[in-house]
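Work through the two exercises below with the structure open. Each task is followed by a solution in steps.

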2 protein chains.
Amino acid sequence: MSPYINLKIVAFAGGVGGAKLAQGLAQTLPPENLTIVVNTGDDFEHLGLYICPDLDTVCYTLAGLANPETGWGRVGETWNTISNVEKLGGPAWFRLGDQDIATHLERTRRLKDGKPLSQITKEFCEAWDIKPSVLPMTDSPVRTMVDSDEGELAFQEYFVHRRCEPRVKGFRFDGVEVAEPAPGVREALASADAIVFCPSNPWVSIDPILKVVREIKKTVVAVSPIIGGKTVKGPAAKMYSELGIEPSALAVARHYRTILTGFVLDNADVNFEKQIKDLDVKTLVTDTLMNQPTDRARLANDVLHFIGSL
Amino acid sequence: MSPYINLKIVAFAGGVGGAKLAQGLAQTLPPENLTIVVNTGDDFEHLGLYICPDLDTVCYTLAGLANPETGWGRVGETWNTISNVEKLGGPAWFRLGDQDIATHLERTRRLKDGKPLSQITKEFCEAWDIKPSVLPMTDSPVRTMVDSDEGELAFQEYFVHRRCEPRVKGFRFDGVEVAEPAPGVREALASADAIVFCPSNPWVSIDPILKVVREIKKTVVAVSPIIGGKTVKGPAAKMYSELGIEPSALAVARHYRTILTGFVLDNADVNFEKQIKDLDVKTLVTDTLMNQPTDRARLANDVLHFIGSL
């Protein structure tokens, strides 16, 4: 057994990319040594349902319930509810699957009963047999708002309904000033050996978590979500461009530079290694793509070895 | 064409039996001559959804969307949402199908937007291509409460969750005193040639409608939901027994006697015909079972001819 399995890790994660590395870490570390703190800035209410896209992607992935084709949503999903909502003339732009709707219905019901999101997430993880601790970043409502050339848009409006077409000018996290980290987040951070930023969108997945936790006094290792100037999934590269920053692994390292100890970049981006080292950041250059399920544990292993070496 | 197709009819209906005769009437009368007023005393909120079992059974039946096996619910239904709610430990005793959930989600959403139930029902009927006018008895909340040997139970708790097992002692229609008939109900009653009570439960389907409309000054023809001392579906006969009344077509005729002009009873109950006539009620003895889809229009025809003869 490698000594790194004794490392206590807190992973910050958004959606698909974050969920994949979180699963790799879950396959590698004993469950009591891993806490996954998930962005809730994308959460929204739709059709009367309280939907937590990133929490659900992380949980479905960890539970083996995720659709392996898309990386999000449920495997073997059916769409009978949403297609009938559409026939009734209701809003169908957010494609909720029938199995997925169960999660939202039951979460909404428990929230209305007064349970905090973190408690509900714990109960769902038990039902889905998820062993590591999965925590929403906060139990308070924080809403990512996208300032764009078409005005300010709620995140899902921008992301799903408008397919990231409006040009981004900035971000605001409504409610973040008064939001406290969910129970367990501070304790996990305090006892962690290192914090891993999964390859999630720096602007709208990791930044909201950072704003909620406010300060980090631990070793931080970020895995670049940008490979060869592009994102595997999602609008991070497009956002960098529209904000006037060349999208690259270097841009991501600079984004986090004030808190960064180590940075994991893809072999394709080895040309940036020196510039990143010049930021006084340690580097690991490896294969960061997680196309195959086995890539997840392999990358998690690489990241943990890197942390062990810092 | 028979002259009775010029009759303007208002039908009062509850669930399955009411929906079947309502469909027969819809197949027989021009749509502008038929208004179906549906019990909403069974409505309830469950899993955060506003559910109208009788309205949905009537509409699904009229739209050809009803499950022909059960008479309620949707044809070709799937159960992926509710089975996942169950896996999460949520309440799954009310078996909501995936297609059916779309109705409840979209209705709940529109109610929260401030639309009255009658308007939403009209919009749903347009989406489902239902031509006759279908009206909830009221836009106000009226809740059928069952007084039982186990205390007072909300109707669906008694009906679905407890499977009608508690012994009935009486009924209360919470909110009925202040409920006004839905827009269109009074107008339809005023212009009707006759009111048809479909073969629905007198205690919990027709009585709530009668209490909301308060007075009826028209010809009333009721179709017995009790055949040979039994109900085709539902607890009406059991309720009569538990309330100390022998369940029979005669008991139903007596139930409505103060407002009844004509009564339609099954051939099996011809022995009660004289006693019903003695109530100063005209009778039609016919085959009232609607086992086959074609039975619906046949019975509707019989009822309309009977009304024409009164």
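This is a predicted model: local features need pLDDT of at least 70, side-chain atom pairs count only at pLDDT 80 or more; totals for chains, interfaces and linings use all residues.

Residues are numbered from 1 along each chain as its sequence is written, with chains lettered from A and ligands numbered from 1 in the order in which they are written.

**Exercise 1.** Determine how helices α1 and α12 of chain A are oriented to each other.

Step 1. Locate the helices, which are DSSP runs of H or I with at least four residues, numbered from the N terminus. In chain A, α1 spans residues 16–28 and α12 residues 293–309.

Step 2. Take the axes (lines fitted to C-alpha atoms over the stretch in contact, with angles from 0 to 180 degrees between N-to-C directions). The axes of α1(A) and α12(A) come within 7 Å and cross at roughly 75°.

Step 3. Classify: 65 to 115 degrees counts as roughly perpendicular, and α1(A) and α12(A) are therefore roughly perpendicular to each other.

**Exercise 2.** Describe the open sheet of chain B and its strand order.

Step 1. Strands are DSSP runs of E with at least two residues, and two strands pair if DSSP finds at least two bridges between them. Seven strands of chain B pair in parallel, in the order β5-β2-β1-β9-β10-β13-β14.

Step 2. Find the edges: β5 (133–136) and β14 (282–286) of chain B each pair on one side only.

Step 3. From one strand to the next, the twist averages 20°.

Step 4. Check one pair: β9 (residues 194–197) and β10 (residues 219–223) of chain B share four bridges in the parallel sense. B:Val196 has B:Val221 in β10(B) as its bridge partner.

How values were computed. Angles under 35 degrees count as roughly parallel, over 145 as roughly antiparallel, 65 to 115 as roughly perpendicular and the rest as oblique.
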